[in-house]
Amino acid sequence: MKILLDRRSPDPVYRQIRDRISRLIQSGTLQPGDRLPSIRTLAAAARVNKLTVIEAYGVLEADGLVYARAGSGYFVSTPTHPLIQGTSKFAPRQEVVVPEQGEMSYFDLYMASVQAHHQGEISVFSSGFPYLSDADMLQRIARRALRHVDETLFNYALPQGQEPLRKQIVQLLIQQGLDISPDDLIITSGSMQGLSLVMNYCVQPGDWVIVENPTYHGALAILQNLGARVIGIPMTNEGINLDLLAQYLHSHRPRLIYTISTLHNPTGLTTSQAHRQQLSALANQYQCRVLEDNAYEGLSFAAVPPPLKALDQADHVIYVGTFSKTLMPGLRVGYLVVTGQDYSRLLERKLLQDLGTSTAAQSIVSEFLASGYYRRHMTQLRNHNLLGRNAMLTLLEQHFPAEASWTMPEGGLFLWVKLPDGLPMQLICSEAAAEKIMVTPGSTFFPNQQGYPAMRLNFSYPVDAIERGVAILGKIIKRHL
Ligand SMILES: Cc1ncc(COP(=O)(O)O)c(C=O)c1O
């Protein structure tokens, strides 16, 4: 097996090996049951340390792509779900949106979603909440974390967060391609606090901010609240439209670009390395800060290029992450990666807001990361979501009108469906609610709360719930065509 390595790439070598082998498996060049080269053979062929190959095989195993047989080496696993063929037809109108004033009530939306979640019998298809599949294990780990307490757990702690947790997060981020230390991290109360801290720090009322159109409505609500003027640059199937981004960076000189480069909310799209390089070059050219929201990192089915923060030479990019989508949203543990002078200023703001994130919540996340369960849990979560995604894509073809198109995300929790123009979305949503299916109009993700008819659909539900939900939604939509 020939593995070409780019030793100047910010992507660590073990990850390059893993990506190459995972592509060989996904393209069918390596078939289920095929034996991978021995660690020694591959290390010699690629001229790397054996530990690097061990790390690469370990990640492939955690991804569920290969398995180890004692004494015989590593073999390609048999996929438990069919691969989805075909390409997305998603190609929305490319219209820039500069709303006069936002009118969205994020409060109402959020409250409705949480309340519906607490009423078990409703399928909240529009939500961005992860499906909690392994509550017992999460509870076990939480109890264990609290059993190990010493007095630090119940005392005031460092505003930037506990050092062991910051070290653990750094290990995860290094695997993504970031070159950072625990001193670049601030643990926050969920990533929502991180977004709010950074937006309030970088943006003054009246400043221009560029967002993707559509984008995460929670971020839009913060910008609206602080009096920013928002420019919504449309998403293509490959990410934000870079030509329009360049044009508006030039004409409006915004203070900030808010972007979700991996498993974008709400479209589920992940941008390529080339797209990231171009976005990063544009931000540099116009000296514009970037807030990179990576809330869904870790939920990718396939290898993802390193984040924009890995390309950042000038401390222009602030990165935000969270454990809400992988562990438990209720713990409220997120983090910021901030390099350069911004660090101490943001840390001071964090201190003034709440003195620090709950030490009990940090300890639970820390215990989870230290236990061997984390990798297994992530593999299970991705496999569960992959099954749901595949089911949903197949069912959309069967039940949704031919004029609809949708994205085909390579991970995460949801996909984005673009529906034919003129559909009465409010009516469709209330008819779905009568059938105990909660969907919200996609308009909530557009900065002007308009745009084309659309909906975000969460595929992290069990397959039978997805079958029922998509069939009912398809019937309702067709009735209104
Ligand atoms: C893109 C994105 N960023 C941030 C958040 C906030 O998550 P949390 O505050 O739970 O970390 C969400 C939640 O849905 C999200 O989708």
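Student: Why is alanine 221 called buried?

Tutor: A residue is buried if 20 or more other C-beta atoms, placed from the backbone, lie within 10 Å of its own; 12 or fewer make it exposed, and anything in between is partly exposed. Alanine 221 has 21 other C-beta atoms within 10 Å, so it is buried. This is a predicted model: local features need pLDDT of at least 70, side-chain atom pairs count only at pLDDT 80 or more, and totals for chains, interfaces and linings use all residues. Residues are numbered from 1 along each chain as its sequence is written.

Student: Where does alanine 221 lie?

Tutor: Its place is helix 8, residues 217–225. Helices (H or I, at least four residues) and strands (E, at least two) are DSSP runs, numbered from the N terminus. Alanine 221 is 114 residues from phenylalanine 107 in sequence, yet their C-alpha atoms are 8.9 Å apart in space.

Student: What makes leucine 153 partly exposed?

Tutor: Leucine 153 has 16 C-beta neighbours inside 10 Å, and therefore counts as partly exposed. This leucine is found in the loop between helix 5 (135–147) and helix 6 (163–176).

Student: Which residues does leucine 153 touch, leaving out those up to four places away in sequence?

Tutor: They are Thr359, Ala360 and Ser363. Contact means that the C-beta atoms, placed from the backbone, lie within 7 Å. Leucine 153 and alanine 360 are 207 residues apart along the chain, but 6.0 Å separates their C-alpha atoms.

Student: What makes a group of residues a nonpolar core?

Tutor: The members must be buried Ala, Val, Leu, Ile, Met, Phe, Trp, Tyr or Cys, joined through C-beta atoms within 7 Å. The largest such core here has 69 residues. Val198, Val209, Leu336 and Val365 have the most contacts inside it. Helix 7 supplies the largest share of this core, 6 residues. Another core lies apart from it, with 37 residues, including Phe90 and Ile437.

Student: How do you know that strand 4 and strand 11 pair?

Tutor: Two strands pair if DSSP finds at least two bridges between them. Strand 4 (residues 185–188) and strand 11 have 4 bridges, in the antiparallel sense. Isoleucine 186 stands opposite leucine 336 in strand 11. Strand 10 (residues 317–322) also pairs with strand 11 in the antiparallel sense, over 4 bridges. There, tyrosine 319 stands opposite valine 337.

Student: Which way do the residues of strand 11 point?

Tutor: Gly334 and Leu336 point one way from strand 11 (residues 334–337), and Tyr335 and Val337 the other way. All are buried.

Student: How do the residues of the shell around the ligand divide by class?

Tutor: There are 5 nonpolar, 8 polar and 1 charged. Ala, Val, Leu, Ile, Met, Phe, Trp, Tyr, Cys and Pro count as nonpolar, Asp, Glu, Lys and Arg as charged, and the others, Gly among them, as polar. Helix 7 (residues 190–202) gives the most to this shell, 3 residues.

Note on methods:
Two residues are in contact if their C-beta atoms, placed from the backbone, lie within 7 Å.
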